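Good morning, and thank you for coming.

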Amino acid sequence: MMVGKGDERMKVTESFYMGEPLGQQHQTLAAATYNRAQLLLAHSGETSLFVPIRSMQYLAVLQAREFLFVDGMGSRVVEVAWRHFRPSERDSLDAPVPFELVFFRQDSAEVVRRLHGELRRALDQLASRHALQGAPTGQVIPFRRQRT
């Protein structure tokens, strides 16, 4: 993750620990959440994006094909992972995205239920803070048919 002011940037490396998975299951992620996460990740220019989920005291570490959820109270242990996103399996951009949920705690079911909504709120908050204002804007230009 890059942090710093203006053009002054420094590289920060974080280490997280992942135990043996206790189970996994197929799930889907709402398109709005997946799309927002991928857009923010792309605009960050980095391979990972750190998103604090303050309401749960978690840290989400987003990468293109995997989202890791770490207990934000300092243990740095991955508790839940969402892996192997398959956006190509959906029929439209507003359809849910299938993925594999991997959990590392026995009591992960309640955490996972909350993560779906709280991650979306955290992403919206991050987007509004950074406002994607520096994002390039598009322009639609008319297509003029040439006569032959």
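Let me start with a definition: the expected span of a helix is 1.5 Å times one less than its number of residues. The model before you is predicted, and I shall apply that rule to helix 2, which covers residues 108-130. Helix 2 has 23 residues, so at 1.5 Å a residue it should span 33 Å. The C-alpha atoms at its ends lie 31 Å apart, which agrees with that expectation.

Helix 2 also has a kink of about 35°, and this kink is centred on Leu115. Leu115 is one of the buried residues of the helix.

I turn now to cavities. How many cavities of 30 Å³ or more does a search of the whole structure find? The search finds 1, and the volume of the largest cavity is about 30 Å³. Its lining consists of Val51, Pro52, Arg54, Ala122, Gln125, Leu126 and Arg129. Two elements, strand 4 (49-53) and helix 2, each contribute at least two residues to that lining. Helix 2 gives the largest share, with 4 residues. Sorted by class, the lining holds 4 nonpolar, 1 polar and 2 charged residues.

Next, the loops. Most residues other than glycine have a negative phi. Against that background, Gln57 is not a glycine, yet its phi is positive, at about 60°. Gln57 sits in the loop between strand 4 and strand 5 (58-63). Is Gln57 buried or partly exposed? Its relative accessibility is 42%, so Gln57 counts as partly exposed, since that class lies between 20% and 50%.

His84 likewise has a positive phi, of about 55°, although it is not a glycine. His84 belongs to the loop between strand 7 (78-83) and strand 8 (97-103). With a relative accessible area of 44%, His84 is partly exposed.

Which residue does the side chain of Ser48 contact? The side chains of Ser48 and Gln63 are joined by a polar contact of 3.0 Å.

That concludes my presentation. Thank you for your attention.

Conventions. Residues are numbered from 1 along each chain as its sequence is written. This is a predicted model: local features need pLDDT of at least 70, side-chain atom pairs count only at pLDDT 80 or more; totals for chains, interfaces and linings use all residues. Side-chain values use heavy atoms; hydrogens and water are left out. The bend at a residue is the angle between axes fitted to the seven residues ending there and the seven starting there. Buried means under 20% relative accessible area, exposed over 50%, partly exposed in between (1.4 Å probe, protein chains only). On a 1 Å grid over the protein atoms alone, a cavity is a set of points where a 1.4 Å probe fits but cannot get out, and a pocket is an open set with protein on both sides within 12 Å along at least five of seven lines; lining residues have an atom within 4 Å of a point. Grid points are joined across faces, edges and corners, and a volume is the space filled by probe spheres set on the points. Ala, Val, Leu, Ile, Met, Phe, Trp, Tyr, Cys and Pro count as nonpolar, Asp, Glu, Lys and Arg as charged, and the others, Gly among them, as polar. A polar contact is a pair of N or O atoms within 3.5 Å; within protein, one must be able to donate a hydrogen and the other to accept it, and residues adjacent in sequence count only if both atoms are side-chain atoms.
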